[in-house]
Amino acid sequence: MITRLFKVGDVKLVVKYERAVGNSIKTVLDILGEVYQRVQKSGMIEVFVFREISSMERVLQRRALENNVSVLSLGMLSYHEVWTGIPTIYTSVEVSERYGEDLWKAVLQHEAGHTILHGSIVYYISPVSELSIENEYIVFMGVKDYEVTRLLKQIGLGEYQEPLVRYNFSTDDRFSFFKTLLQALPLAEDLVWVNDKVRDICERKGIPLSLLEKFKYQLEKSEDTFKRFRIACKWYKQYWRE
């Protein structure tokens, strides 16, 4: 792979890419730059850019083995990790070609949000809760996705997350549906269809809308990922039914 160093605002991007996607690197930098130039973020971030999703996942699996990572969720459009202590994004041009540029932009900016908010390994070890390990993992991922959407909305880029939220609602299974619900919550006030979707999900599960509004309020007022996790676990255990 080709390696080049770029600077976007105060962020140094170490971009590693396959020769076949060289013409797409400027697009990647422009999309990520929209995020990094609007926040106070410095330091180094790695970005891997692949031609195909399958190549991206092969490298991700290899690096996971090299870093003794035992839990790895595949089948996503992009990834973020901090196994070496450096926030790292994995993306593929195939996402743009298969699903469109708007969705590719959404996933890239989503992962950029993770590098800003969750750039430490502590955010990739699920805290202990009363939930099963599987549900604990889903809730923790959902809380972090909620925080990313919230951040992007705060800096004026929330609208660009709509394609990703729409995609996730259309493809999620029953286990990860709660994760997407959390990811979508910050957009409910701005997008009618998201608000209707969230309300419909809660109504079908027998969750009063008053409890949903209280849940949203609690998440919004908390400024700590792990406090949000505890709030979400409690809500999940009491009201969410598979």
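**Group meeting: salt bridges and a surface patch**

V122 counts as partly exposed because its relative accessibility is 41%; the class lies between buried, under 20% relative accessible area, and exposed, over 50%, with a 1.4 Å probe and protein chains only. This is a predicted model, where local features need pLDDT of at least 70, side-chain atom pairs count only at pLDDT 80 or more, and totals for chains, interfaces and linings use all residues. Residues are numbered from 1 along each chain as its sequence is written, and side-chain values use heavy atoms, leaving out hydrogens and water.

V122 sits in the loop between α4 (101-117) and α5 (133-154). Helices here are DSSP runs of H or I with at least four residues, strands are runs of E with at least two, and numbering starts at the N terminus.

Now the charged pairs. Side chains of opposite charge can pair when their charged atoms come close. I call it a salt bridge when a side-chain nitrogen of Lys or Arg is within 4 Å of a carboxyl oxygen of Asp or Glu. The count by this rule is 18.

Which residue does R63 pair with? The partner is E46, with the closest N and O atoms 3.5 Å apart. R63 is in helix α2 (residues 53-66) and E46 in strand β3 (residues 42-50), 17 residues apart. Both R63 and E46 are buried. They also belong to a salt-bridge network with K16 and E81.

E220 and R150 form another salt bridge, at 3.2 Å from N to O. E220 lies in helix α9 (residues 209-221) and R150 in helix α5, so the pair ties together parts 70 residues apart in sequence.
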